[in-house]
Amino acid sequence: MEWIELDGSRGEGGGQILRTALSLSMITGIPFAIERIRAGRRKPGLLRQHLTAVQAAAAVCGAQVEGAVPGSQRLRFQPGPIRGGDYAFAIGSAGSCTLVLQTVLPALWFADGPSTLRVSGGTHNPAAPPADFLIRCWQPLLQRMRVTLDIQLLRHGFYPAGGGEVQASTAPVTAWQPLQLESSGPLQRTRAIGVVSGVPAEVAKREMQRAASSLGPLDEELRVLPANEGPGNVLMVVLEYPELTELFSACGERGLPAETVADQAAREARHYRDSGAAVGEHLADQLLLPMALAGQGSFTTHRLSSHLHSNMEVIGKFLAVDMETREMAGCYRVELG
């Protein structure tokens, strides 16, 4: 079988190219080789979370792998048959559990039986979707596509300590239901969830109050975790609509004012809310692969991220699915099929 050759420096030059390639290689059985992995990042090459994603993918399909060592910018991946079962992987740092989960789960939808997948590491990271996002936003839409999926946050994990854990149960998809998301519909509820561990609760309260000053009245939820799950802090702004839920987050860090954290999350939420688009830029990126596997679907989004463009390019190398984007009324429509 002919190998697919990928350049990891294309587009945003991050780990998205590798993760999408791993998912689709397992599903299609097509091997790939990638050069210049994460060449666009300050620390190029494979970090722990990327290595864990490669190792997890190899375990699920019995792949032959070359180049899976820390810092490597080259990788060869030759997949075998996907096997359902019970899997557990530890990143060993605060690297993102959710990104590893999203790499392996699509393959398990094509396995020979049901599976459980447990990943330990970071659950709330600045540059990755938090576990709450997968549970509240991503999972319900996949369930509408007839994917059997149950994701649970077992323990929070923040940078730099990590120590968090997520678990997902899934099963092979027997019949896909295409998804069409043209608008978000009327906003039903706005929530702010302030999470602290080993950090004064007053920090989260200030963040939520600041978010309300920008977004208007909202429901506040303070989540104070045991100190041994931190130290850490995250603010999540949740927008609930009839057909979907969106979530925007920002992580606190030492020396960063609570108001700055709140402004970041509130600004992203406001831009999305005011656009009238169905999904935000991050959910748009994460719906693209499942929609491509379903063979068709569409959504509107207020911004086309570099991750989405990278995803489209890689998907096009593995799957024969048409993907088109066009600008319309202040947002963008993405159509597959």
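Which side chain does the side chain of Glu207 meet in a polar contact? The side chain of Asn233 is the partner, at 3.2 Å. A polar contact is a pair of N or O atoms within 3.5 Å; within protein, one must be able to donate a hydrogen and the other to accept it, and residues adjacent in sequence count only if both atoms are side-chain atoms.

The model is predicted: local features need pLDDT of at least 70, side-chain atom pairs count only at pLDDT 80 or more, and totals for chains, interfaces and linings use all residues. Residues are numbered from 1 along each chain as its sequence is written, and side-chain values use heavy atoms, with hydrogens and water left out.

View 1. Glu207 belongs to helix H5, residues 201-215. Helices (H or I, at least four residues) and strands (E, at least two) are DSSP runs, numbered from the N terminus. Glu207 is buried and has no salt bridge; the nearest side chain of opposite charge is that of Arg206, 8.0 Å away. Buried means under 20% relative accessible area, exposed over 50%, and partly exposed in between (1.4 Å probe, protein chains only). For charge, Lys and Arg count as positive and Asp and Glu as negative, while His and the chain ends are not counted. A salt bridge is a side-chain nitrogen of Lys or Arg within 4 Å of a carboxyl oxygen of Asp or Glu. Leaving aside neighbours within four places in sequence, Glu207 is in contact (heavy atoms within 4.5 Å) with Asn233, Val234, Leu235, Ala258, Val261 and Ala262.

**View 2. The buried face of H5.** The buried residues of H5 are Val203, Ala204, Glu207, Met208, Ala211 and Leu215. Seen down the helix axis, they fall within an arc of 130° and so line one face of H5; the arc is that of the directions from the helix axis to the C-beta atoms. Their cover includes strands S10 (189-197), S11 (219-225) and S12 (232-240) and helix H6 (258-275). Just after H5, Gly216 has a positive phi of about 95°.

**View 3. Salt bridge between Glu165 and Arg118.** The closest N and O atoms of Glu165 and Arg118 are 3.8 Å apart. Because Glu165 lies in strand S8 (residues 164-170) and Arg118 in strand S6 (residues 115-121), the pair ties together parts that are 47 residues apart in sequence. Glu165 is partly exposed at 23% relative accessibility, as is Arg118 at 33%.

**View 4. Salt bridge between Arg136 and Asp132.** The N to O distance in this salt bridge is 3.9 Å. The two residues are 4 apart in helix H4 (residues 131-144), a separation of about one helical turn. Asp132 is buried, at 6% relative accessible area, whereas Arg136 is partly exposed, at 24%. Both belong to a network of salt bridges that also links Arg191, Glu221, Arg223 and Glu240.

View 5. The bond from Tyr159 to Pro160 is cis, with omega near 5°. Pro160 sits in the loop between strand S7 (149-155) and S8. The bond joining Gly230 and Pro231 is cis, with omega about 5°, and Pro231 lies in the loop between S11 and S12.

**View 6. Positive phi at Ala329.** Ala329 is not a glycine, yet has a positive phi of about 45°. Ala329 lies in the loop between strand S15 (323-328) and strand S16 (331-336), and is exposed, with a relative accessible area of 78%.
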